[in-house]
Amino acid sequence: MSGSIQDTFFEECEELLEATDEGLSAIEGGDHDPEVVNAVFRAVHSIKGGAGAFGLDELVAFAHRFETVFDEVRANRMELDEPLIQLLLRSCDHLYSLVAVARDGGETDQAHHNMLIEALDKYIPEEEEDLTFEPMGLGGPMDIGAIDIPQVATEEKYQIRFHPLKDMYSTGNEPIFLFQALKDMGELTVSLDDTELPGFDSIDTEESYLAWDLVLTTTEPRSSVEAVFEFVEGLCELSIEGDGDAEADAQALAALEAAFGAAPAAEPSPPPVAEPTAMVEETPAAPFEEPAPAPAPEAVPETSGKKASAPKAETAKSEQRGPKPTLRVDLERVDRLINAVGELIINHSMLAQQIANLDVADVRDVETELEGFKNLARDIQEGVMSIRAQPVKPLFQRMARIVREASSATEKTCKLVTEGENTEVDKTVIERLADPLTHILRNAVDHGIEKPEDRIAAGKSKIGEIRLTASHRSGSVCIEVKDDGAGVNRPRVKQIAIEKGLIPENAELTDSEIDNLLFAPGFSTAKEVSNLSGRGVGMDVVKNAVTGLGGRINITSTPGKGSTFTIILPLTLAVMDGMVVSVADQTMVVPITSIVETMRGNDDMINNLGADGTLLSIRGSFVPICDVAGALGLRKEDNDQPPGVYLLVETETGQRSALAVDDIHDQRQVVIKSLDGVCGEIAGVAAATILGDGKIAMILDPESILAAAPSAAAFDTERRMSNAS
Amino acid sequence: MKTKVLAIDDSRTIRNLLAATLEEAGFEYVSAVDGREGVDMYDDVAPDVVITDINMPNLDGFGVIEELRGTDINSKVPILVLTTESAPEMKARARNAGATGWITKPFDDASLIFALKRVTGAAA
């Protein structure tokens, strides 16, 4: 039970942290609206509250500091200047890590933690520095028993005198319930003292005349007995005297009596009721001098009015306030639904094929209905897919943090500007995009944005700007990271590529080709591994992550002006448009997104190059041919028959190749079925699908086919040949 | 008859915790996500005791107490404040508005039940 509540807490934390982040960003942008400030305060406050419930002390302590500082801001006692905003933003980032550590385990960066605490403490006024955060003296019998085991055994008799003041009755406290709580602790005798009760004609109905004398015999410690009266402290005259109380107690009483004169023994703090100069704290008598209105019969009509309005409020509730109502659903259920819809679409294809094969004269009506069925199935599919779609906003917020961290690590000043935060993308895509985006942004800060002095020298603003945009573009999602830094240092990139043997020394590359060398495996421009972007992985990892999502990435750059990384992703991972082809008598699917052009080949177009290379001549340029059947090992070399159709594909580096297949059958949407768990990774195969006839077809991954195929001519070969032509 | 608790708290975590603790202890549990909703629900729910947070959107805990106590017939229903705040002036303010008692987060189950017992006499 508590496990699932803790899950709820972490889920809620995510939301609260996002709200904090969002609020702080708005504040950073100059929006000092009290509502924004309040929202941040409440969010951090809730994190603290929840964390306390699970004993996450480190998180509680930090959130408490944050909250205390922010409370000063909220109360307009402190100005929100730039250094404070930055500190709060970094503290918010740290809250993220503390939550992550609490949830996933691991170590907190203590140095960073202490540094932030120290920085926050500077803003905390002295009198509020008491940061102990414990439940107040509410200790019920149980927890005290746990601490004070030896005392539990000894029985004690308490004489209790309890005289409520009239104010007690307006706070909802009932003497009888207090007596019941006492009775639960042991043996209790109650006797009423009504001697103060005046005659019937002089009675004041709002006055409190009754008092009680109680005798309690219990094994509970004195503190438990006192705890019963905690809520009515100051609202009653109370004395608790233990008969055989320890001598220490007697000493304490003597000391108190000395200090307070004739004050009741067990009431150390409250001074006499009518003392007007009494401090507000712990002397609720003072604030209660204006008693809340006592029950009066005339008040009833007001109540019935309120009652009448209540049912209306119930229904109007949802539209009145707050965000649109939402429903939390287990992701697994959504995925089951998506899967089922996928099957439905496959089922439709099979049905359509069966009907087409039927030897019936009048199939047209059936086909019309079937078309309607198909459209409905598509609608359902889109609807279900949209359940998985989420705005990229939380991801972008995380990225703002990455940029802040990266900036401080590299001593550069950068800001992240985000656009299109509400663009919705499949949840999995968002999750798997986090790492590549992090890498690109770190890279942009580390290598893209210049040092402040260099920027000023170049006539740019001191603060580097990185723009992160998301948008929908014809059925796919486009994520762009654009910096206004120095751009790609092309001579240097080329030199490195030559040094690392990625390109031949005399290679002539276009600017775009040089830029895209950044994605080549084994390429890393950092002279030494910096503590930031260079963590032993290059941009090729980013590219792999993006292609793994069925997307592509490329870079454009203008020297002195900056670089732009563009990531194009499919809207969903569950279906894709594919071209159905046959390869060595097998039906396979090639993703449409990677196909630039298809053509039927003839012998004139094929040029042999060396022993095992062939090139396809298209409109005056040459592209290497890759025989898919050969690359997949489906056809023996000696049994080579020239394939009929070529699919021109473009890889992420802009390199083109022609995939040779036997024939093209169809172009259709296919449901992607993962091969994970069915078989291991097969080079050249991305996944599988089920076709209309119920057969399984492999979905090919052109990129990895080309990488696997020995016949796919190397980068430089293509270059040389097209230069030669 | 089970003792009916109306818990008003904007934190889902706290609401879930309360639900678990209270239902296990035999209370009937109803919750509201902020002060406004809590006050709106109050008449329909007709709770035996109210537990309210202080820092909440729309209507804070003080507002809840004031509104509920504003109607005299309700003044007998105990209102327990459940919050991380422990400043004496906050306590005084809540009590001045008519709060019955104060429980500081994080609460432990025993203390919570004990407090509820004290203000409602619940057998649970």
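Colleague: Let's start with disulfides: how many does the count come to over all chains?

Modeller: Zero, over all chains of this predicted model. To be counted, a pair of cysteine sulfur atoms has to lie within 2.5 Å.

Colleague: Staying with cysteines, what makes A:C236 count as buried?

Modeller: Its relative accessibility is 7%. The cut-off for buried is under 20%, so A:C236 counts as buried. A:C478 is buried too, with a relative accessible area of 1%.

Colleague: And how much of chain A is made up of buried residues?

Modeller: They make up 44% of its 725 residues. Chain A has 22 helices and 22 strands. Take the contacts in chain A with a separation of 6 or more: 69% of them are between residues 24 or more positions apart.

Colleague: Let's pick two of those helices. Why are α4(A) and α14(A) called roughly perpendicular?

Modeller: Helix α4 (residues 82-104) and helix α14 (residues 393-410) of chain A have axes that cross at roughly 115°. The band for roughly perpendicular is 65 to 115 degrees, so these two helices belong there. Their axes come within 11 Å, and the crossing is left-handed.

Colleague: Which residues meet there?

Modeller: From α4(A) come A:Q86, A:L89, A:R90, A:D93 and A:Y96, and they meet A:R401, A:R404 and A:S408 in α14(A). By class, this contact has two nonpolar, two polar and four charged residues.

Colleague: Over to chain B. What makes α1(B) and α5(B) roughly perpendicular?

Modeller: The axes of α1(B) and helix α5 (residues 109-120) of chain B cross at roughly 65° and come within 11 Å. With 65 to 115 degrees as the band, this pair is therefore roughly perpendicular.

Colleague: Is that crossing left-handed or right-handed?

Modeller: The crossing of α1(B) and α5(B) is right-handed. In it, B:L18, B:T21 and B:L22 of α1(B) meet B:D109, B:L112, B:I113 and B:L116 of α5(B). The residues of this contact divide into five nonpolar, one polar and one charged.

Colleague: What is B:N16 in contact with, leaving aside its neighbours within four places in sequence?

Modeller: With A:I5 and A:T8, leaving those neighbours aside. As for B:S31, 15 residues apart from B:N16 along the chain, the C-alpha atoms of the two are separated by 9.4 Å.

Terms used. Residues numbered from 1 in each chain as written. Chains lettered and ligands numbered in written order. Predicted model: local features only at pLDDT ≥ 70, side-chain atom pairs only at ≥ 80, totals over all residues. Heavy atoms only, no water. Axes fitted to C-alpha atoms, helices over the stretch in contact; angles between N-to-C directions. Helix = DSSP H or I, 4+ residues; strand = E, 2+ residues; numbered from the N terminus. Parallel < 35°, antiparallel > 145°, perpendicular 65-115°, else oblique. Left-handed = near helix turned anticlockwise from the far one by under 90°. Contact = heavy atoms within 4.5 Å. Nonpolar A, V, L, I, M, F, W, Y, C, P; charged D, E, K, R; others polar. Buried < 20%, exposed > 50% of the residue type's maximum accessible area, 1.4 Å probe, protein only.
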